[in-house]
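Please study the sequence and the structure before reading each solution.

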Amino acid sequence: SETDMLRYLRRLSDKDLALDRTMIPLGSCTMKLNATVEMLPITWPGFCDLHPYAPADQAQGYQSLLADLERWLCAISGYDAMSFQPNSGAQGEYAGLLAIRAYHRARGQGERNVCLIPASAHGTNPASAQMAGMNVVVVKCDDEGNIDLEDMQAKVMAHAADLSAVMITYPSTHGVFEENMRAICDMVHAAGGQVYVDGANMNAQVGLARPADYGGDVSHFNLHKTFCIPHGGGGPGMGPIGVRAHLAPFLPGNPADAAVDVAVSAAQFGSASILPISWAYIRLMGDEGLKRATQVAILNANYIVSRLSDAYPVLYRGAKGRVAHECILDLRPIKDNVGVTVDDMAKRLVDYGFHAPTVSFPVAGTFMIEPTESEGKAELDRFCDAMLAIREEVRAVEQGTVTAEQSVLRHAPHTGAAVTAEVWEHPYSRQQACFPPGVNPATKYWPNVARIDNVYGDRNLVCSCPDIAEWME
Ligand SMILES: *Cc1c(COP(=O)(O)O)cnc(C)c1O
């Protein structure tokens, strides 16, 4: 019945630890506000009931929306043309690399098939290069997390004859503005290669820097990160690519057109129905608002660094001691010293009412934290206070008061059922388990499941469907 359905949906949302309860400080993912006013229009029939292959004269509203978005994203990035076909960042990478490949072939340089990728890159970069038929060559990073210039130079020289492209993320996934970006782009261009700038970190650049200005030939833009489309849980995304003019002829074409031979998705404009969200965001923010968002995103990350760096070492910083819009906290020394793991700390954050940050990417044993501009100082402080309180819980293990195995960290998160059970065999109190410092009992988020074995879960498929006999009945 509708009543049951309503309650079922409510039950699901009560279980969720989502942005309507807490910041989701997932580094690299840019979990910013998805404003209601941006979301509402995608429910309007004019946007959500149109077939992707509707004749062009019946889709003039979409054409106008696409034209605005193309103009705005070109202005933001410095590129000359866009394709809205890719449905994700990874698909944008693939489309961009296909464009680069076609460009080299059109110039009689089809032998160029090496793609240089720094060790700090997101896993999708080498995967996309591989799918585009390129040979991936990894470039080292130095101790500060920057691309190793000498190694880059050596590999560009060694592959001068067969260099197709370099893929670089700016600011890097190490959370810093790489200072040698222009030098690297110049080096690659001089050797006849093309520069793919991974645009996933545009949230640290919009209004301040443009990929095409410092050397990019092509980039994807994760509209589901920087431009407010909600994501997580496998929802639809959009990863349009921007290119400089020389690559524009090689953008993917309409898959419904028999004369077109390169298309990366089944619809000409990908998941077009979610584009009104990004359109509304850009239109509402305007030039000044977008720039301010970038500045506040960077400020927020640096505020977290300044509050937490005495308790947790910050793995990488730029030459001036600052980070970009995200930061990596190194938890490996804690594991090495007392055996408390990055997972223990991530799960414990759930007891404090927080979604965990990104764990073990791009460096194993670390947290990558990205607050975004959407969080105010009160929420940043609530998060920093929780992280500092967890540091004190680790200190109890360091001081030998409890072992890591017996600690509140190892048994986190604590469900309501666990803390109210007749039997309680932990050395810490029930209060400490579920109401640690800063947690208000009135607004407490109660985890639904206790610790699960992640690795076991990833490796063992558990089918929960009814068996065939039940179906026959
Ligand atoms: C998110 C991300 C990607 C991949 O984007 P998807 O939309 O998830 O496919 C690529 N590179 C970086 C640096 C990212 O953060």
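**Exercise 1.** Does L12 count as buried, partly exposed or exposed, and why?

*Solution.* The model is predicted, so local features need pLDDT of at least 70 and side-chain atom pairs count only at pLDDT 80 or more, while totals for chains, interfaces and linings use all residues. Residues are numbered from 1 along each chain as its sequence is written, and side-chain values use heavy atoms, with hydrogens and water left out.

Step 1. Buried means under 20% relative accessible area, exposed over 50%, and partly exposed in between (1.4 Å probe, protein chains only).

Step 2. L12 counts as partly exposed because its relative accessibility is 41%.

Step 3. L12 lies in helix α1, residues 2-15; helices are DSSP runs (H or I, at least four residues), numbered from the N terminus.

**Exercise 2.** Identify the salt bridge between R10 and D14 and describe its setting.

*Solution.* 

Step 1. A salt bridge requires a side-chain nitrogen of Lys or Arg within 4 Å of a carboxyl oxygen of Asp or Glu. The side chains of R10 and D14 meet in this way, at 3.0 Å from N to O.

Step 2. Both R10 and D14 belong to helix α1, where they are four residues apart, about one turn of the helix.

Step 3. R10 is exposed, at 52% relative accessible area, whereas D14 is partly exposed, at 35%.

**Exercise 3.** Are R348 and D351 buried or exposed?

*Solution.* 

Step 1. R348 and D351 form a salt bridge, their closest N and O atoms being 2.8 Å apart.

Step 2. Both residues lie in helix α12 (residues 342-351), three residues apart.

Step 3. R348 counts as buried because its relative accessibility is 0%, and D351 is likewise buried at 0%.

**Exercise 4.** Which residues are closest to the ligand, and how many residues surround the ligand?

*Solution.* 

Step 1. A residue is near a molecule if one of its heavy atoms lies within 4 Å of it. The ligand is surrounded by 14 residues, of which S28, G89, D198, H224 and K225 are the closest.

Step 2. The largest share of this shell, three residues, comes from helix α5 (residues 89-106).

Step 3. A polar side-chain atom of S28 lies 2.7 Å from an oxygen atom of the ligand. For H224, a polar side-chain atom is also 2.7 Å from a ligand oxygen.

Definitions and conventions. Helices (H or I, at least four residues) and strands (E, at least two) are DSSP runs, numbered from the N terminus. A polar contact is a pair of N or O atoms within 3.5 Å; within protein, one must be able to donate a hydrogen and the other to accept it, and residues adjacent in sequence count only if both atoms are side-chain atoms.
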